[in-house]
Amino acid sequence: MTEIERSLQELAPARQNLPRHIAIIMDGNGRWAKLRGMPRVFGHQRGVDAVRGVVRAASVWGIEALTLFAFSEENWGRPRAEVSAIFKILNQYIMKEREELKRQNVRLRVMGDLTRLPEQTATLIRDAVSYLSECSGMTLNVGISYGSRSEIINSCRSIAQGVREGTIEPDEIDETLFESRLDTAGLPDPDLVIRTSGEQRVSNFMLWQISYAEFLFSPVFWPDFNEEIFAEAITEFQRRARRFGKIPDETELASVRSNRDSAPVDTKLHQAQTSSSAPSDLHA
Ligand code: FPP
């Protein structure tokens, strides 16, 4: 175990009631850079440091799956120079991080329309996914050229095709079958969705999968999102009572009330950060 991994263990949230799957909408790279008088791409570059920290932390803390929304279908509408800069950053991340992910025993998968990606990125992704396919630790799922409505339509198309070919009876169409045709097939649904930068929207992200997720919106811009803030987010999740539409019993209610009353009010997770905020020491 590395020095950084040891310090991460000290930050680790409680082991009970850990979210199995955390999904993050990484937002605010551009504004983070602008605040510092820098071009937007600088924010994306620094965003990768935050990605590295969060992946390592989630893996050390025993999270089963971590989904990161790196590039949406809608992001294709950004200026060409920014789009190609983001793909260059992604390429560098994959090339640089492959070995480290293997060392951390992290499996890689992607969701989204890979056919639209630059050939080099698509190849790097395919190779990295296959290189890490035997890893048995955390699954890192990256949304690239991803839009949830398209994913849902693709699932419908694939089922409709099965019906046409006679391999699926309309009566057999249920949630399990539908989910098995989504890009996330086999992953548990996210328990916790975090969106940074103060925006409180879902933005076409995992619309089917987040039906019962807890949401956490933080004003922190993505490049400032560090392991300490991540641990706070998980701790806040652990204080929530998830009811899945049912009524909690008295014991559960009492525990939620006491958790809520003892919750710290002034965490970094809920503080907007300014240009003077220092990066995390853990970002090696
Ligand atoms: C949102 O900030 C960020 C993106 C659209 C790109 C995210 C990409 C990375 C962090 C780099 C690569 C990712 C991985 C997984 C290695 P924004 O540009 O929308 O910021 P703004 O809302 O302030 O304009």
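**Stop 1: salt bridges**

Select Asp 27 and Arg 31: they form a salt bridge, with 3.5 Å between the closest N and O atoms. Bear in mind that this is a predicted model. Asp 27 counts as buried, because its relative accessibility of 16% falls under the 20% limit.

Next, select Arg 201 and Glu 199. This salt bridge brings its closest N and O atoms to 3.1 Å. Arg 201 is partly exposed, at 44% relative accessibility. Shared partners join Asp 27, Arg 31, Arg 195, Glu 199 and Arg 201 into one salt-bridge network.

Move to helix H3, residues 40-60. Pick Arg 52 and Asp 49, which form a salt bridge with the closest N and O atoms 3.1 Å apart. Both residues lie in this helix, three residues apart, about one turn. Arg 52 is buried, with a relative accessible area of 16%. Asp 49 counts as partly exposed, at 25%. How many salt bridges does a search of the whole structure find? The search finds 18.

**Stop 2: positive phi**

Stay with the backbone for this stop. Most residues other than glycine have a negative phi. Select Ser 197, in the loop between strand E5 (192-195) and strand E6 (214-217). Ser 197 is not a glycine, yet its phi is positive, about 85°. Is Ser 197 buried or exposed? Ser 197 counts as buried, at 7% relative accessibility.

Go on to Asn 204, in the loop between E5 and E6. Asn 204 also is not a glycine and has a positive phi, of about 60°. Its relative accessibility is 15%, so Asn 204 counts as buried.

**Stop 3: aromatic rings**

Show the aromatic side chains. The whole structure holds twelve aromatic pairs. Zoom in on Phe 71 and Phe 87. Their ring centres are 4.9 Å apart and their planes meet at 55°, so this pair is tilted. Phe 71 belongs to strand E2 (residues 65-72) and Phe 87 to helix H4 (residues 80-103), so the pair ties together parts 16 residues apart in sequence. Both Phe 71 and Phe 87 are buried.

Then select Trp 61, Trp 222, Phe 225 and Phe 230. Ring pairs link these four residues into a cluster.

**Stop 4: two distances**

Ala 12 is in the loop between helix H1 (3-11) and strand E1 (21-25). Ala 12 is partly exposed, at a relative accessible area of 35%.

Now pick Glu 119 and Ile 247. They are 128 residues apart along the chain, and their C-alpha atoms are separated by 51 Å. Glu 119 is in helix H5 (residues 119-131). At 55% relative accessibility, Glu 119 counts as exposed.

**Stop 5: a charged patch**

Finish on the surface. Select Glu 169, Asp 171, Glu 172, Asp 174 and Glu 175. Together they gather in a surface patch of negative charge. Where is Glu 169 placed? Glu 169 is in the loop between helix H6 (148-165) and helix H7 (175-180). Its relative accessible area is 48%, so Glu 169 is partly exposed.

Note on methods: Residues are numbered from 1 along each chain as its sequence is written. This is a predicted model: local features need pLDDT of at least 70, side-chain atom pairs count only at pLDDT 80 or more; totals for chains, interfaces and linings use all residues. Side-chain values use heavy atoms; hydrogens and water are left out. Patches are made of residues with over 30% relative accessible area and no salt bridge: like charges are joined within 9 Å, nonpolar side chains (Val, Leu, Ile, Met, Phe, Trp, Tyr) within 5 Å. Accessible areas come from the Shrake-Rupley method with a 1.4 Å probe; for residues, only the protein chains shown count as cover. A salt bridge is a side-chain nitrogen of Lys or Arg within 4 Å of a carboxyl oxygen of Asp or Glu. Lys and Arg count as positive and Asp and Glu as negative; His and the chain ends are not counted. The place of a charge is taken as NZ of Lys, CZ of Arg, CG of Asp or CD of Glu. Helices (H or I, at least four residues) and strands (E, at least two) are DSSP runs, numbered from the N terminus. Buried means under 20% relative accessible area, exposed over 50%, partly exposed in between (1.4 Å probe, protein chains only). Rings of Phe, Tyr and Trp (its six-membered ring) pair if their centres lie within 6.5 Å; planes under 30 degrees apart count as stacked, over 60 as edge-to-face and the rest as tilted.
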